[in-house]
Amino acid sequence: MKLETPRETCRTTGWPLKATVVLVILAFSLPSFAELGGYADSVEVDRAKMKASIKVTQSKAYAVHEITTANKILVREYVAADGRVFGVAWQGPFLPDLSQIFGSFYNQYSDAVKAEKRTYAGHRPVDIRQPRLVVQGGGHMLGHFGRAYVPDMLPEGVSTDAIR
Amino acid sequence: MRSDNRKKPVHGALLAAVAAGLTFLAACGGSSSNGNLTGVAIGLAPSVRSVGPAGVATIAATVNTGSLTWSLSPSGFGTLTSPSATGVTYTAPTTVSTPTVVTITATSTTSTGVSAPVQLAVQPSPTIALQTGGKTVGPETIAAGQQLAINAVLVGDTTNAGVTWSLSPSAGTGTLSNVTTTSVTYIAPGSAPGNTPVTLTATSAANSGSIATLELTIYPAAASPGAAANVAALTTSGGPAPPGTNSFFTSVSVCVPSTTNCQTIDNILVDTGSEGLRVLQSAMTTVVLPQLGDGSGDYFNNCVSFLDTSYLWGPVAVADVYIGGETAGSAPIQLISSGNPTVPSNCSNGGTVNENTPALLGANGILGIGLEPTDCFIQGVDLCDGSTGSILPAYYLCPSSGCFTTDPPTTLPPTQQVVNPVFLFGTDNNGTAITFPPLSGISAPAADGSLVFGIATSTNNTIPGTATVFALDAQDFFATVLNGQTLSSSFIDTGSNGLFFPSSITVCSNTAPGFYCPATQQSLSATNGGSATPVNFKIDNAENLFTGNDSAFQTLGGPGGTGSFDWGAPFFYGRTVFTQIDGQATPVAGFSPFWAY
């Protein structure tokens, strides 16, 4: 695993994205993400295919895999020392493929959203707080953001604030 | 494998994706834990929210320690009996001359600083509800020359005396016909110079203190373009599943372009957090709109997602859109597909709930009148026309038989994208002003407001000198500071039904998931965009708020996404909020788009 040094700061550039072109993706297929709760191996496979498309930043307790899709959606995956993804975060003009990045947690998430919908119609930010899954997200048209994590998979000493 | 040989978009082959110095949002600091309650917590749940003379309401209480004492305000307006740690019984006076709100307060015996209030509306007898077609009517807009049949439904009218009807003002505002003690037909005048307000009042013949009113706005007939009308009525009442929850409804007329083949659709949710008119196909019962195609037998379909990860899917149609005296000619709109057509996975996998019924959507459609001209633009950049080198997964070109799950998104030029209708108006096309009066209490059966088109284009949409104009960042957000924490992705949105922000306030666990349920009312303050004037607001227990039949809630809130304050519908009660459309004429040099209030 090639590790890059952590970036100094994030610059506040929004759309349009003025920075360097760093990846080329064939057709419209989304890159395959590792899924929440699963192992990060598939990220490495994708990284090999797409060269620099994934940035990896290593800190003491975990690594952050940062991938930008063809639709300019930025997804960060938080990988623990055991290689498993304990959190994901996203930001962009559209939602990422949630079924892909939530993996085996997607049905649990979808059921929770549908249960809330049954109680009160109308739109409001997502806030799912279950023992094994926390999801928070919001935004407006063309400005979405959110995060999800599995509380009992958080590495020791890591704050949930890190997932963003 | 698909077998059709339709054309592919030319730029479907190679895409350059751009990674940028995108900044993730500032940490909200809100952790996953529900706030820990220390000390005394009181929860109240009234059996009803409204009683008539001698009516009885029981208030159930839960308190984690000690007992409760009870008080009533105004004192002596009715009685409290059987006070205990588990509740109290309220009985209204036998004679009620005017509608009165009473506040019943439970106070802890172990910590007298801790108390919880609940409010009840005490109505004079008889109570009167105005209906049309069996449904409760809110503020109505009516075209010049049209008529509306209205019934009065009375409860407690022991002598069956019924009501008398009156119009205010009485001159030039139409006539009443077919008058009985429980029904009337209102006939609007044959012409109107502009939007003309009129109030219809039903007064109990047995008790002149008991009245019901209906606010009507007469607008010039749609066939008179250029009229000075620029106002649409908004109300929180109605909706497909009343009572609604802080949903601002209006009605629009959609017509086959350049014809009088039109249909008026009510219960359209006004949303400043999105762009474009989207109507449930199932609500289009009498008019068939032409769908937008490529001229070779394929048609454009549209996908949008909302902040709760729900999504809408359906074909792009073209319509003349009439609202509040304004016209958007040949506007691309979305028809939300009923049934279960195949949705491309690029659309559906980003979402969870396909809101393709009135119950799921909470409306018959959504009128997106946000900061941008179409559903593809953000701060001058078109994410759908191919100009950025990537394509938003918003539009799909498919045969009339439908799409496949594997269909990729396609490009679409701006003139064919689903459009913010205000952008297409002949005048008053640079934004909106939405205004509501303050609620008299923490909640109300209904709130009625106005959607005024244009900013500084008329005498009724001038930005007052006391207002602050807010510049926005590259994603149309501004910063809100709450408790010293900067929430950098904050926004104002009529389409969100509460105030949503990170907090340690307890989240509801039972009947109101996704909202806050503090044991006692919480008073908070936040500052927007460096404004010198803080916004003070309060949050009440949502499960208590939802126990009645109210549809307007001043103090409804819930947890938000990280780093964001979502100023939803309650922010509009007692305010006028301006939403300026990016790139349109701006009355504030250097600011576009902007919010102002």
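Two residues are taken to be in contact if their C-beta atoms, placed from the backbone, lie within 7 Å. Axes are lines fitted to C-alpha atoms, for helices over the stretch in contact, and angles run from 0 to 180 degrees between N-to-C directions. Helices (H or I, at least four residues) and strands (E, at least two) are DSSP runs numbered from the N terminus. The model is predicted: local features need pLDDT of at least 70, side-chain atom pairs count only at pLDDT 80 or more, and totals for chains, interfaces and linings use all residues. Residues are numbered from 1 along each chain as its sequence is written, while chains are lettered from A and ligands numbered from 1 in the order in which they are written.

In chain A, seven strands form an open antiparallel sheet in the order E2-E3-E4-E5-E8-E7-E6, where pairing requires at least two DSSP bridges between two strands. Helix H3 (residues 106-119) of chain A lies across E6 and strand E7 (133-140), running at about 115° to E6(A).

Chain B has four helices and 43 strands. Of its 597 residues, 52% count as buried, meaning that 20 or more other C-beta atoms lie within 10 Å of a residue's own; 12 or fewer make a residue exposed, and values in between partly exposed, with C-beta atoms placed from the backbone. Asp428(B), not a glycine, has a positive phi of about 55°. Asp428(B) counts as buried because it has 22 C-beta neighbours inside 10 Å.
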